[in-house]
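Here is a short briefing on one protein chain. Look at the sequence and the 3D view first, then work through the points below.

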Amino acid sequence: MNPQDYDRTIIMFSGGKDSLACILWAIENNCPKIELWHHLVDGLPVQGQTASTLMDWPITSTYCKAVAQLLSIPIYFSWLDGGFEREMNRSNQAKAKTWFEAPDGLRSAGGNGGKQSTRQKFPQISADLSIRWCSAYLKVDVSAIAIRNQPRFNDSKTLVITGERAEESPSRAKYAEFEPDRTDNRNGKSKRHVDRFRPIHGWKESEVWAIIQRHGIIPHPAYHLGWGRLSCMSCIFGSANQWATIRKIAPAHFERIANYEQQFDTTIQRQRSVREMANLGTPYAEANNSQLVEIALSSEWGDYPIWTHLQAWALPAGAYGESNGPT
Ligand code: SF4
């Protein structure tokens with residue numbers, strides 16, 4: 001695979017270390033016309049709606065913006081209308097529309113009726129994305145809809161880069177390093193040629209941190225708090241220690257999740273409620289670092305540094321630690 005064979009490069013950037021490593025790999029390998037795409041799990045209010053704040057770290061989207069700004073790369077946000085919370089609360093309703101930013105402005109697709117159904121429960125932990133619906137509905141489908149509904153991808157070649165690594169799980173180990181993307185239509189009328197590439201699929205975690213250190217970029221605050229992977233703050237894969245940490249640093253947020261479990265009479269993890277999980281865990285030590293907590297729970301990156309000299313760069317507390325997250 002030669003990146004120069006493509007007209008543009010899209011990197012799916014969650015704000016986590018693996019997708020950050022992909023960006024730095026793409027820069028080092030002169031990938032053409034790089035753009036970053038970030039899927040907002042909680043959505044973004046448009047047309048006077050109110051924002052949901054149920055799942056994600058409040059700082060994540062502005063952290064992604066700060067990285068994009070530092071590297072002078074455009075970033076586009078996309079989301080399912082109403083985000084995770086609206087989808088979870090669906091009651092005899094159809095799937096909402098998808099919003100996506102494009103070079104010519106904000107666009108939307110879908111949401112014109114469709115099959116009505118009811119969820120009224122959290123996604124469940126499973127490799128099956130119809131059960132773990134958040135990954136499918138809030139990320140995989142959102143990016144596919146955003147590609148299929150932008151004519152700029154027709155009659156051209158696009159390389160989509162994602163940061164899954166074999167080391168993360170047996171199911172990710174089976175992913176192909178290179179394959180046609182699900183949106184590919186190179187033989188169809190649109191001649192939309194889209195390939196998926198996972199440049200760090202064979203990398204060890206140490207190689208990921210090494211490239212980030214080499215470029216001096218400060219990792220997302222969740223890593224400094226002790227998380228080994230950046231997922232949603234309230235990720236369904238959360239460990240006992242992570243739920244205990246959330247309860248300590250963001251008690252109101254924790255209660256909203258716990259109350260939803262009660263309301264639905266279905267817990268996120270089958271064996272235990274988040275309250276029981278938190279009781280079993282121990283908050284991470286950095287939960288006592290009030291400045292760090294304030295950054296992680298802020299929705300503005302502000303004047304915080306995003307880059308530091310190589311000598312000053314420090315491995316975050318969560319490196320090589322608990323790496324719960326989607327598999
Ligand atoms: S990070 Fe966790 S909760 Fe968030 S979308 Fe992925 S699997 Fe679902």
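Which of the 82 residues in the largest nonpolar core touch the most other members? They are F13, L20, L36, W57, F84, I212 and W243. Keep in mind that this is a predicted model.

**Nonpolar cores**

- W57 is one of the residues that touch the most other members of the largest core. Leaving out residues up to four places away in sequence, W57 touches H220, A222, L225, W227, L230, S231, C232, M233, I249 and A296.

**Helix 2**

- Helix 2 runs over residues 60-71, which makes twelve residues.
- At 1.5 Å a residue, helix 2 should span 16 Å. Its end C-alpha atoms are 17 Å apart, so the two values agree.
- Which residues of helix 2 are buried? They are T60, T62, Y63, C64, A66, V67 and A68.
- S72 follows helix 2 and has a positive phi, near 55 degrees.

**The largest pocket**

- The largest pocket holds about 1,200 Å³ of space.
- Its lining has 47 residues. K139, V140, E164, R172 and P326 lie nearest the centre of the pocket.
- Helix 1, strand 2, helix 4 (133-148), helix 5 (170-173) and strand 7 (178-180) each give two or more residues to this lining.
- Which helix gives the most to the lining? Helix 4 does, with six residues.

**The largest cavity**

- There is one cavity of 30 Å³ or more.
- The largest cavity has a volume of about 40 Å³.
- Its lining consists of W227, R229, S231, C232, M233, C235, F237, G238, Q242 and N324.
- Among these lining residues are W227, S231, C232 and M233, which W57 touches as well.

**Two strand residues**

- G105 sits in strand 5, residues 105-109. Its relative accessibility is 29%, so G105 counts as partly exposed.
- G105 and Y76 are 29 residues apart along the chain, and their C-alpha atoms are separated by 9.8 Å.
- P180 belongs to strand 7. Setting aside neighbours within four places in sequence, P180 is in contact with R186, V194, D195 and R196.
- P180 and I73 are 107 residues apart along the chain, with 25 Å between their C-alpha atoms.

**Two loop lysines**

- K33 is in the loop between helix 1 and strand 2. It is not a glycine, yet its phi is positive, near 35 degrees.
- Is K33 buried or exposed? It counts as exposed, because its relative accessibility is 65% and exposed means over 50%.
- K191 is in the loop between strand 7 and strand 8 (192-197). It too has a positive phi, of about 50 degrees, without being a glycine.
- K191 has a relative accessible area of 49%, so it is partly exposed.

**From the record**

- An unreviewed UniProt entry annotates residues 133-236 as "domain: Phosphoadenosine phosphosulphate reductase".
- The span of residues 133-236 is 35% helix and 14% strand. Its end C-alpha atoms lie 11 Å apart.

Key. Residues numbered from 1 in each chain as written. Predicted model: local features only at pLDDT ≥ 70, side-chain atom pairs only at ≥ 80, totals over all residues. Heavy atoms only, no water. UniProt positions renumbered as here; feature names shortened; annotations may be inferred. Helix = DSSP H or I, 4+ residues; strand = E, 2+ residues; numbered from the N terminus. Core = buried A, V, L, I, M, F, W, Y, C linked by side-chain atoms within 4.5 Å. Buried < 20%, exposed > 50% of the residue type's maximum accessible area, 1.4 Å probe, protein only. Contact = heavy atoms within 4.5 Å. Expected span 1.5 Å × (residues − 1). 1 Å grid on protein atoms, 1.4 Å probe; cavity = no way out; pocket = protein on both sides within 12 Å on 5 of 7 lines; lining within 4 Å. Points joined across faces, edges and corners; volume = space filled by probe spheres on them.
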